[in-house]
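Colleague: I would like to learn how to read surfaces and interfaces in a model like this one. Could we go through it together?

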Amino acid sequence: MSEPLLDVRDLRTEFVTDDGIVRAVDGVSFTVEPGQVLGIVGESGSGKSVTCLTVMGLNDRKLSRSTGEVLFRGQDLLHASGHRLREVRGNEIAMIFQDPMTSLNPVHKIGRQLAEAVLLHQDVSRKQAYERAREMLKAVGIPRAERRIDDYPHQFSGGMRQRVMIAMALINNPDLIIADEPTTALDVTTQAQILALLKRLQEDFGSAVILITHDLGVVAETADDVMVMYAAHIVERGPVRAIFNEPRHPYTWGLMGSLPRLDVNVERLYQIPGQPPSLLNPPAGCRFHPRCAYAMPVCREKEPRLTLVPGDPDHAQACHLDEETKRREAAALLAQITAGAAT
Amino acid sequence: MTGDELLFVEDLKKHFPVTRGIIFQKEVATVKAVDGVSFSLREGETLGIVGESGCGKSTLVRCILKLLEPTGGRIFYQGQEITRLSRREMRPLRRNMMMVFQDPYASLNARKRVGFIVGESLELHGIGTPAERKRRVQELLEVVGLNPEHYNRFPHEFSGGQRQRIGVARALAVNPKLIFCDEPVSALDVSVQAQILNLLKDLQREFGLTYVFIAHDLNVVRHISDRVMVMYLGKAAELADRDELYTSPKHPYTGALLKAVPLPSPDAGRARKQVVLEGDVPNPINPPAACNFHPRCPRFQQGHCDVETPPLAPIGYRHLVACHYPLERWPMDITAQPATAQAVESTG
Amino acid sequence: MARYLVRRFLWACVLFIAVTFVTYVIFFVVPANPARLAAGQSATPERVHEVEKFLGLDQPFYVQYLKFLKRLVLEGSMGQSFVTRQSVNEEILRAAPITASLVFGAMILVLSISIPLGIFSALRPRSLLDRAAMIYVLIGISLPSFWIGLVLSYLVGFRLGWTPIAGYCEVFSVPEAAACGGLWDWAYHMILPCLTLAMVVAGTYVRFVRAEVMDTLNMDFVRTARAKGAPERTVIRTHVLRNAMLPVVTMVGMDIGLLLGGAIFIEAVFGLNGLGGTALESIGRFDLPVLQGVVIFGAVAIIIFSLVVDLLYAWIDPRIRLT
């Protein structure tokens, strides 16, 4: 078995705040293979963004502490030197952020910002860097790239800016792209364009992608594997079809049941009661238990570990419920969803 | 369940002038934010208005509420024309038309207590004594699922979903007939979104409310609306009953929108042909000629769509569309050339 | 752009008229007779009346104002001092370089101190240096400028004898009878006054720069730069600074404009007969033309500098389009 591209082992990240210590990531382990698209799904406070910021080493060094291992091609980034991290960032691992409006420097031309990404990592002349920038702008579908390279960010629309961000991320041919909610701030048709672009480029360049989102639809259509996070833990992970056709965690059921759907008519959406817990003082045992309809006494005491689903070596979940109940409830949920289908 | 016509909007226009000049400002261009929108709404109904950024949906709602003065067209509330009413004349009517906003963080005054925020409209309309108002506010807090004892708390002490509930309570305070919801769940997590949507539906049943619901999320609009209007660049592209629109869309733009929505189902999602609408929404200062969708429309017929503006006309039972070459069936490949066009070519 | 400048110019004229008119009005509300002062204590009423006529003070004030405007626009002259009968233009031209030396010198010092200090404080909040800087800021803002000036003048000038206590030296065209002259003497005499003014003003700037840099550091595009692998030094230099300095530019421009109107206290303490000192004198002597001259100079300075600031801002920040 070849070595995974990224191997995260027992990652924990804490932040020091005025109210106390917030454990934003609390024991997260996963791998990413070359060329794989991993979708990380969760709501606010789940820890999905912080996990990836920790991988990149972008957390505030004074306010945060991380433990565990982040093995990128075998080398631990968590304990790497600042110099090595800077080598990796934007070069071997690139990141795309959520808000294209604010992620670009407003006072520099985009050509300069793109060329900067090249010049930071490759030993080429400025002219060559700008040439590469122009190439990338064309590759991401910016019309009249020759002229637009001298424009400022505010002269582009939201969708175009996100394309520029993608160009900037891909410009050095990274092995891994981390996209943090790249389409959340965009219109639905623009989102479709950007996701299609991302998919095409990912295939052309052969990079792996970690796609962070709260939108189950985006994940279903784009990801190969899915990781569901809740309150700084992974609650379920597996291939995309397994997660959507045979979900095995009450939180996943809740998420899927509470979605209003295009193809299905329901009178009332399933709602998960309560709110996500505070990470200052997370609930004891299983963090989801206060909101879980299936909570048992053991859930209050013992934190469930990620265990493999019998029969599927890639699908794992963290819940104390027995297999039979899980299978039954999952089937009932899917039946309910498909039964309400309009056409 | 639905009753008489509550709201009738006729050819509503809102144009913003763009001026240039040294001393005397001269109008050189216009932003046609809303350019002739008509619809009617019955009591107890929910009208969903869906469209992407820049389509004018928020401006439309603000014009109906007279928060902005319409540039043209007419608005009728319960049969009475309110288009040209002055602010003072509008005041008693505002009791009946309330609004829930998008941003649960910005729409509540951070310096005021929740009790004040919810009860303010009661006070402004001179309803009840202070004691009665307090009781009403606590009642409302309970109705929306909050603890009435939190009357004296500040907004920042609540979560996003709870704040949105406060916004809903505020809108309900004066027993309005009509509530405008401007993207009320866009800023919320999925699980909280479901709570608020269920709450809105429950309240509609209990109090006989009528909703105008703006959203860009087609899934949400599908869930909550009875009738749906799709807007593009200031105009209505299509208007139909909910099920009809989602199962038989007629306008290519509606078709493109529906195709663009990602489905939470790996097989279904990847199976359907991805027809991706190219390009960006054009600048509302310089909208395209005639049919404003024609530059991006895969069914564009030169000489017709860029010359003659398609009117919003009936195409089926309570189904109106503004298109010369509406989609023949659904689902279909929206890039397929319209059958009628070929007929024109062969005879022309 | 041309349209923009024309509009600014027209507005400037309106402002100019408003400012000078208000000065005239205030002057005429004050119950004192400059003619009497000019004529002398023992003058007879007839003599005073003669002087009044001579100075044109017997006419209604709006006539005087219009005459003043006419003379200014057509001849470019601001009239003559009631007291010395010397050209106000000359008086202003003599005093302006003094104030200018003080203000520009002080501003250079302010920026050299406060920008690095502000940046450093922002990068290491709550460190020892940051706290020391904040204490300094507090002191600088709280202490009156003349107190700082006097103390410095006493300690550094008198006690230690490192710098002169007061006085101004011309750089160019040094008059025959002057006690000192030339570049070195000028700089030597300006050190203390500039330092005093700088100490007073720098406090606000340090806080401001610190706040701006801290805000900018939290912006998304700074995170993007780090994600690209840029070293922290580059992030600060290329991405943070240019954005954080924008508001500083505005402040500097406005402050220069304001201070050119006359840093009265400091000029008084250090015996610099710049615009501030001149203004003070003319108030005491009810010398309207000279006072009016200082006001005009101050107003023009502010108008010009606010225009310079706006143009500079538009040049630095490509999002701003001047209309």
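Colleague: Which helix gives the largest share of the nonpolar patch?

Modeller: Let me set the ground first. This is a predicted model, in which local features need pLDDT of at least 70 and side-chain atom pairs count only at pLDDT 80 or more, while totals for chains, interfaces and linings use all residues. Residues are numbered from 1 along each chain as its sequence is written, chains are lettered from A and ligands numbered from 1 in the order in which they are written, and side-chain values use heavy atoms, leaving out hydrogens and water. As for patches, they consist of residues with over 30% relative accessible area and no salt bridge, with nonpolar side chains (Val, Leu, Ile, Met, Phe, Trp, Tyr) joined within 5 Å and like charges within 9 Å; the areas come from the Shrake-Rupley method with a 1.4 Å probe, and for residues only the protein chains shown count as cover. Here, α7(C) gives the largest share, three residues.

Colleague: Which residues make the nonpolar surface patch?

Modeller: C:F146, C:W147, C:L150, C:I264, C:F265 and C:L280 make this patch of about 570 Å². At least two residues come from each of α7 (145–159) and α11 (264–269) of chain C. Helices are DSSP runs of H or I with at least four residues, strands are E runs of at least two, and both are numbered from the N terminus. Chain C has 13 helices and zero strands.

Colleague: How many residues of chain A are in contact with chain B?

Modeller: Contact means heavy atoms within 4.5 Å. By that rule, 49 residues of chain A touch 44 residues of chain B. Buried area is the accessible area (1.4 Å probe) that two parts lose on being put together, summed over both. For chains A and B that is about 4,000 Å², with 50% on carbon and sulfur atoms.

Colleague: And how many salt bridges are there between chain A and chain B?

Modeller: A salt bridge needs a side-chain nitrogen of Lys or Arg within 4 Å of a carboxyl oxygen of Asp or Glu. There are four between chain A and chain B. One of them joins A:E267 to B:R205, with the closest N and O atoms 3.4 Å apart.

Colleague: Which parts of the chain does the salt bridge of B:D182 and B:R62 link?

Modeller: Those side chains meet at 3.0 Å, N to O. The pair links distant parts of chain B, 120 residues apart: B:D182 lies in strand β7 (residues 178–182) and B:R62 in helix α1 (residues 57–64).
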